[in-house]
Amino acid sequence: MTNQLLATTENANNQNSQYTSLNDPEIANVVAHINEEHLDELLGFLSVFTSLSTAELDHVDAQITDIYAEGITIQTRQKNSKYQPANAQDNSLHDQSFFINFATPISQFDDLQAQYILLKQRADKKLGKKTIKLTKQVFDVQNSYNVSKNMLRLELSMPSLNSDTPLNNTAKLSNTKGATISTSVPTNEAGYAYLFDLEHNAMTNALMTDSIDANKADDNAVNDSEKNNVRPARPHCYYTLRKAWHTDDGIRAWVDVFLHGDTPGGNWAAALKTGETVVTKREFPEKVEHLRDGQAVLIVDETSMPTAARLLELWSNPTPPLVICVTQDADDQSYFDTVKMRSSLDSISYDNSNISIDNKIDCDTETHGNDHFTILPIVTNQANSGSDLATLIDSTLGDYLTDNPLQIDKVWGALEANTTKALRPLLRERLELSRTDVVVKVYWRHD
Ligand SMILES: Cc1cc2nc3c(=O)[nH]c(=O)nc-3n(C[C@H](O)[C@H](O)[C@H](O)COP(=O)(O)OP(=O)(O)OC[C@H]3O[C@@H](n4cnc5c(N)ncnc54)[C@H](O)[C@@H]3O)c2cc1C
């Protein structure tokens, strides 16, 4: 199997005739998305499936140029970074193309995701990295309550551990019906995300209604086409494992869902009742390894506050981070009030002043001793999206650094797609950092 993944170095023009084109208009979007958001994965593929050395890869950028039924072409380009060392000017990798075979050629667009994920899993395994999993997990809903004005906490549980299994992160569990399922819930990871199956609950509710109606009168039972109508506008949605821990009878977990109006994800979360099950179908770790040392800044909106909160609780870097917290509503800034950094002796206090989107009101932030993180609150009174927000975040950070001279070494953030796209280059420029030290993820897209 591994042999099938060996890469061949080819001239890009020759590949067109050698491989089968996928005539699907979606391919261009997938290529653009991967190139924009997943450069690190492409470099991982080149590292594992080609003979390029780590030193060579340090000096190149990579781009997918096309996706065929048999695999993907990746082109390398000399990095054009002004922060690159002078002796790194090796042009030999400029514009080279590499073909990476899928394990199994795909026959239709719908199979692409599975083959791409397989490549990623293989590459991550060889690189010793945690990777995406396509596992189904079932949690029971225990409770739900607001932890700030618009943040709903789902308290979930996993069934009790079998007595003969070790109490670690991976365990065999038996559910309430006695069936045994293999499961793992990371208790020591920040930003671990699950893809929740919203259709599971819509269908379960429809079936319940169906069976109640069927008991009343068979003629009125919900038919298949009516069931199609109950499908939510989106079939699934990513939410982060805010925190998980072992209890006497299994595993407990929090998932914090930002409610922002009448939307499929929020409606799903708000409608969940104690005793219902929720199902996840994919999970992946967040990219936070670079935060182990150096002065870090975390940049979050409501969707990434749960990741930042867990990062703080598990913080092992000796230097506490600066947290830029952007919320639409001032009342959601209190989300961090109860979050304690692993090493902190007491909780942070901060001035929750507004910074309006036009920057009229200044932000007063106290700097605390070494055990404390500092929060720079930004309250926008509007949905946190677009490039204007990136400019506001960048200038707020700039103002803070003028008053509090700090050398920022690392950035982690997760925001709306257009904000993220605009913010990355601003931060790299301002902080003079490389792409690997500035990780700003897309957590949602504004329609
Ligand atoms: C890895 C990962 C982890 C995530 N973790 C969390 C988490 O722990 N908690 C959490 O709440 N979210 C989290 N998200 C974000 C969440 O998946 C998205 O916000 C998702 O779009 C919400 O779905 P929805 O049905 O509410 O809205 P959608 O169906 O996506 O959109 C409906 C409307 O709401 C707007 N909209 C969507 N999201 C927002 C928003 N945040 N603010 C304002 N308007 C919005 C859209 O522009 C659209 O107009 C995560 C995303 C990723 C990728």
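**Exercise 1. The shell around the ligand**

Determine which element gives the largest share of the shell around the ligand, and describe the composition of that shell.

Solution. The model is a predicted one.

Step 1. Strand β10 provides the largest share of the shell, with four residues.

Step 2. In total, 23 residues surround the ligand. Arg234, Tyr238, Phe258, Thr263 and Gly265 are the closest of these.

Step 3. Divided by class, the shell holds twelve nonpolar, seven polar and four charged residues.

Step 4. Domain 2 (137–284) and domain 3 (290–444) each supply at least three residues to the shell.

**Exercise 2. Polar contacts and cover of the ligand**

Which residues place an N or O atom within 3.5 Å of an oxygen atom of the ligand? State also how much of the ligand's accessible area the protein covers.

Solution. 

Step 1. For Thr263, a side-chain N or O atom is 2.7 Å from an oxygen atom of the ligand.

Step 2. For His260, a polar side-chain atom lies 2.9 Å from a ligand oxygen atom.

Step 3. Pro264 takes part through its backbone: an N or O atom there lies 3.4 Å from an oxygen atom of the ligand.

Step 4. On its own, the ligand has 920 Å² of accessible area, and the protein covers 87% of this.

Step 5. Two or more residues of the shell come from each of β10 (236–247), β11 (250–258), α8 (264–271) and β17 (438–444).

**Exercise 3. The second largest pocket**

Describe the volume and lining of the second largest pocket.

Solution. 

Step 1. The volume of this pocket is about 370 Å³.

Step 2. Its lining consists of 14 residues, and those nearest the centre are Asn188, Val288, Glu289, Arg292 and Leu311.

Step 3. By class, six lining residues are nonpolar, three are polar and five are charged.

Step 4. At least three of the lining residues come from domain 2 (137–284), and at least three from domain 3 (290–444).

**Exercise 4. The cavity**

How many cavities of 30 Å³ or more does a search of the whole structure find, and what lines the largest cavity?

Solution. 

Step 1. The search finds one such cavity.

Step 2. The volume of the largest cavity is about 40 Å³.

Step 3. Its lining is formed by Asp40, Glu41, Gly44, Phe45, Lys120, Ala123, Asp124, Leu127 and Lys129.

Step 4. Helices α3 (39–49) and α5 (112–127) are the elements that give two or more residues to this lining.

Step 5. The class division is three nonpolar, one polar and five charged residues.

Terms used. Residues are numbered from 1 along each chain as its sequence is written. This is a predicted model: local features need pLDDT of at least 70, side-chain atom pairs count only at pLDDT 80 or more; totals for chains, interfaces and linings use all residues. Side-chain values use heavy atoms; hydrogens and water are left out. On a 1 Å grid over the protein atoms alone, a cavity is a set of points where a 1.4 Å probe fits but cannot get out, and a pocket is an open set with protein on both sides within 12 Å along at least five of seven lines; lining residues have an atom within 4 Å of a point. Grid points are joined across faces, edges and corners, and a volume is the space filled by probe spheres set on the points. Ala, Val, Leu, Ile, Met, Phe, Trp, Tyr, Cys and Pro count as nonpolar, Asp, Glu, Lys and Arg as charged, and the others, Gly among them, as polar. Domain bounds come from an automatic or database domain assignment. A residue is near a molecule or strand if one of its heavy atoms lies within 4 Å of it. A polar contact is a pair of N or O atoms within 3.5 Å; within protein, one must be able to donate a hydrogen and the other to accept it, and residues adjacent in sequence count only if both atoms are side-chain atoms. Accessible areas come from the Shrake-Rupley method with a 1.4 Å probe; for residues, only the protein chains shown count as cover.
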